[in-house]
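Subject: Handing over the structure, with notes

Hello,

I am passing the structure on to you below, together with some notes on what I found in it. Please keep the sequence and the model open side by side while you read, and look up each place as it is named.

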2 protein chains.
Amino acid sequence: MSTPTDLHRASTTAPVNIAVIKYWGKRSTTLNLPTNSSLSVTLSQSDLRTHTTASCSHSFNSDSLLLNGSVQDVAGARTQACFRELRALRSAIEEKDAAEPKLSAMPLQIVSENNFPTAAGLASSAAGFAALVRAIADLYRLPASPTELSRIARQGSGSACRSLFGGFVAWEAGVEEDGRDSLAYEVAPASHWPSMRALILVVSAEKKGVSSTTGMQATVATSALFPMRVKDVVPQRMKRMEKAIHEKDFATFADLTMRDSNSFHACCLDTTPPIFYLNDVSRAAIRAVEGINAKAGKEIAAYTFDAGPNCVVYYDEENEALVAGWFKAVLGSVEGWDGARGGAVAPMGEGELGAMKSDEKVLVALREGVGRVILTGVGEGPISVQEHLVDEKGQPVKL
Amino acid sequence: MSTPTDLHRASTTAPVNIAVIKYWGKRSTTLNLPTNSSLSVTLSQSDLRTHTTASCSHSFNSDSLLLNGSVQDVAGARTQACFRELRALRSAIEEKDAAEPKLSAMPLQIVSENNFPTAAGLASSAAGFAALVRAIADLYRLPASPTELSRIARQGSGSACRSLFGGFVAWEAGVEEDGRDSLAYEVAPASHWPSMRALILVVSAEKKGVSSTTGMQATVATSALFPMRVKDVVPQRMKRMEKAIHEKDFATFADLTMRDSNSFHACCLDTTPPIFYLNDVSRAAIRAVEGINAKAGKEIAAYTFDAGPNCVVYYDEENEALVAGWFKAVLGSVEGWDGARGGAVAPMGEGELGAMKSDEKVLVALREGVGRVILTGVGEGPISVQEHLVDEKGQPVKL
């Protein structure tokens with residue numbers, strides 16, 4: 001392949017988000033329209049991010065996508081929908097201004113790298129599609145706002161629409177059939193509550209058994225309790241959660257986060273056949289958080305679980321010694337405490353840990369089942385970067 | 001103590017029942033009035049039963065209760081309610097007929113023995129209170145029908161009202177505040193569907209963590225999904241379950257049984273803090289039943305779980321080789337297959353078992369976690385017996 005003279009590149013990084021009011025269930029599978037609104041915390045890209053370069057050139061043979069060095073299928077309806085929508089927006093620009101290069105007619109080459117394991121229940125598809133959409137939008141110099149792009153990213157992976165923003169992000173379910181009102185918006189920026197921390201207990205890096213897409217549709221089709229979650233439970237919680245975030249009311253944030261995680265997994269269990277994402281290690285993490293809160297006399301830590309056994313524990317930095325310190329005392333020997341943030345956590349002393357009278361079974365289950373921890377916090381949305389994963393000849397490179 | 005001249009005795013055995021539409025939640029804790037109706041299968045007393053002798057005499061110092069050789073507190077409101085109600089019915093008889101001995105004025109001595117571990121999630125309190133109420137009713141020669149007695153037994157332990165009948169038994173929630181319409185009735189006798197079998201996988205004989213009473217009230221108070229179960233889900237299932245039993249439609253019986261067990265445990269998970277009765281072994285049992293049904297191409301086995309990790313697998317005797325045979329092939333070395341019924345089960349051959357391609361993890365979890373099996377089936381209600389657990393001197397005896 002000769003060096004293309006018409007190579008265009010744009011690169012971005014995009015964050016993972018972990019919902020505190022869960023997305024589970026689609027009212028349209030083709031458009032990824034959800035049965036209910038959801039709300040998430042965007043996590044810092046220092047710890048978890050997808051880095052994506054979008055490039056286009058007439059010298060490319062066809063659209064392509066490389067993730068962590070592996071060629072991915074781009075023929076799927078979700079990726080195609082994102083390409084199609086973004087090209088249409090670019091076309092409109094090109095039609096208005098003949099001086100604009102005809103990027104929309106060129107094949108796209110997308111190269112992505114995650115700094116964390118794919119499909120381990122760490123919301124990799126959210127960061128992935130957010131980065132893909134943001135990078136192509138930058139490549140095409142689209143004037144679209146994050147909320148406008150969220151409509152497109154949503155079609156790639158529902159929760160991706162929330163990864164186009166930093167801080168605290170809501171995804172409004174919307175009511176329109178074409179999904180034009182099913183959009184993400186910022187509830188509060190990361191700077192509003194920068195002390196929000198997340199400790200991820202990685203229970204399993206295996207690929208999960210039941211995919212989210214399959215699982216959520218089984219719940220919609222078979223759970224008799226699920227309609228109550230959609231109609232009554234989530235709408236009330238969304239309002240209360242937005243208020244808790246605006247007021248930086250951690251106890252209410254924690255209470256709603258834990259209730260909603262449990263509600264989501266309850267609906268999974270009420271599905272036929274039942275879906276289990278939580279295992280005995282997950283349950284031990286729940287008991288650990290309950291023990292920490294009982295000791296504190298209020299809710300200073302909140303667990304939440306996505307479609308897998310990994311536990312995300314939210315807490316405010318002011319309680320780091322009581323929350324992360326507890327987990328470091330129990331799990332100090334697992335990987336993940338060696339970063340700057342993890343190194344700064346003082347493990348709780350043996351005396352104080354002993355005084356909490358944690359169930360010995362909980363400690364054993366955590367020590368046997370947690371493979372690593374990731375200590376992170378609330379962070380920013382996608383960031384344009386100059387480090388490209390495609391060189392000037394159009395060849396993928398590894399940084 | 002001298003030999004009492006006024007000793008009166010009556011003895012009965014009473015069965016365990018395992019619900020297929022679950023009782024979970026009280027609308028009155030003092031009267032044990034449920035939030036929803038429920039339906040159970042009474043299990044054979046050959047395998048699981050409480051044997052109780054009720055005795056009374058002026059020579060006794062006070063009311064007493066001995067269970068498996070241990071003195072029990074009789075001051076609790078539930079036991080007191082049963083004593084009070086039964087004494088009131090006896091008083092009425094004595095008032096009408098002066099020739100009747102004044103049994104209602106004598107202290108009661110109740111002696112009970114279970115042939116299975118207490119409080120291991122095997123519905124021991126149901127059999128216990130059913131036997132207590134039936135034995136005292138017999139001692140007092142009350143003309144009350146089982147349905148009339150169910151109103152009293154319910155006040156001892158909710159599900160005890162269903163153990164006053166054999167076969168397939170419904171407990172109508174009722175609407176009256178005083179509970180007079182919250183009664184059990186026979187849906188069909190054991191002889192209607194005598195081929196109904198139950199294989200109990202005893203996962204743990206430890207006392208359970210959260211008692212049913214505490215747990216169900218936490219669910220009523222905190223689960224946002226629970227009102228849907230009470231108002232919509234259970235009423236529909238009760239009707240369909242009665243029909244399935246009348247028609248001996250095992251596939252529908254199984255489908256409803258599994259859905260309702262999952263619905264109940266989903267509401268436990270939706271409770272704050274969440275209640276977990278199922279563990280990784282329970283989940284392996286669910287996967288095993290799903291595998292058996294998948295192989296059969298229809299529902300020939302149904303799992304259900306009460307407030308504990310033990311699994312009860314219902315099946316029709318015609319499928320014994322495919323259901324019990326599978327479990328005997330996998331769990332042949334655990335205790336419980338040595339009875340006449342268990343001995344008759346042919347373990348599935350290695351080839352056939354291998355052809356079912358069960359997940360190896362499921363087999364490992366079952367082998368590590370199941371401590372014993374109890375192979376039983378549908379059975380009769382309480383039976384009057386002449387073997388007394390109190391001798392002619394009023395002393396407890398061990399048979």
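Which backbone nitrogen lies 2.8 Å from a polar atom of the side chain of Asp63(B)? Before the reply, please bear in mind that this is a predicted model, and that every value below was computed from it. The backbone nitrogen in question belongs to Leu108(B).

If residues up to four places away in sequence are not counted, Asp63(B) touches Val74(B), Phe83(B), Arg87(B), Met106(B), Pro107(B) and Leu108(B).

A second residue to look up is Trp193(B), which sits in the loop between strand 11 and strand 12 (196–202) of chain B. Is Trp193(B) buried or exposed? Its relative accessible area is 2%, and because buried means under 20%, Trp193(B) counts as buried. The side chain of Trp193(B) makes a polar contact with the side chain of Asp316(B), at 2.9 Å. Leaving aside neighbours within four places in sequence, the residues in contact with Trp193(B) include Phe168(B), Ala244(B), Phe250(B), Phe253(B) and Val378(B). Of these, Phe168(B) is 25 residues away from Trp193(B) in sequence, while the two C-alpha atoms are 9.0 Å apart in space.

Val323(B) is also placed in a loop, this time between strand 14 (311–316) and helix 8 (324–331) of chain B, and it is buried, with a relative accessible area of 0%. When neighbours within four places in sequence are set aside, Val323(B) is in contact with Ile292(B), Ile300(B), Ala301(B), Val313(B) and Tyr315(B). Pro309(B), by contrast, is 14 residues from Val323(B) in sequence and 20 Å from it in space, C-alpha to C-alpha.

Turning to whole elements of chain B, strand 2 (residues 17–21) has five of its five residues buried, so this strand is largely enclosed by the rest of the structure. Strand 2 of chain B runs antiparallel to strand 5 (residues 38–42) of chain B, and four bridges join the two; within this pairing, Ile21(B) stands opposite Leu39(B). Helix 3 (residues 146–156) of chain B has buried residues too, among them Leu149(B), Ile152(B), Ala153(B) and Arg154(B). The buried residues of this helix pack against strand 4 (33–34), helix 1 (77–96), helix 2 (124–139), strand 10 (168–171) and strand 11 (184–188) of chain B.

The next topic is the interface between the two chains. Here 32 residues of chain A are in contact with 32 residues of chain B, and the area buried between the chains is about 2,500 Å², of which carbon and sulfur atoms give 61%. The count of salt bridges between chain A and chain B is two, and in one of them the side chains of Asp280(A) and Arg283(B) meet, at 3.4 Å from N to O. There are also seven residue pairs in polar contact across this interface, with both residues at pLDDT 80 or more. On the side of chain A that touches chain B, helix 5 (226–246), helix 6 (250–269) and helix 7 (280–296) of chain A each supply at least two residues, and the largest share, seven residues, comes from helix 6. By class, that side of chain A has 15 nonpolar, seven polar and 10 charged residues.

Finally, there are some details of the backbone to check. A cis peptide bond joins Thr272(A) and Pro273(A), with omega at about -10°, and Pro273(A) is in the loop between helix 6 and helix 7 of chain A. In chain B, a cis peptide bond joins Thr272(B) and Pro273(B), again with omega at about -10°. Asn68(A), although it is not a glycine, has a positive phi of about 50°; this residue lies in the loop between strand 7 (64–67) and strand 8 (70–72) of chain A and is partly exposed, with a relative accessible area of 32%.

With best wishes

How values were computed: Residues numbered from 1 in each chain as written. Chains lettered and ligands numbered in written order. Predicted model: local features only at pLDDT ≥ 70, side-chain atom pairs only at ≥ 80, totals over all residues. Heavy atoms only, no water. Buried < 20%, exposed > 50% of the residue type's maximum accessible area, 1.4 Å probe, protein only. Pairing = 2+ DSSP bridges. Contact = heavy atoms within 4.5 Å. Buried area = accessible area lost by both parts, 1.4 Å probe. Salt bridge = Lys/Arg side-chain N within 4 Å of Asp/Glu carboxyl O. Polar contact = N/O pair within 3.5 Å; in protein donor to acceptor, adjacent residues only side chain to side chain. Nonpolar A, V, L, I, M, F, W, Y, C, P; charged D, E, K, R; others polar.
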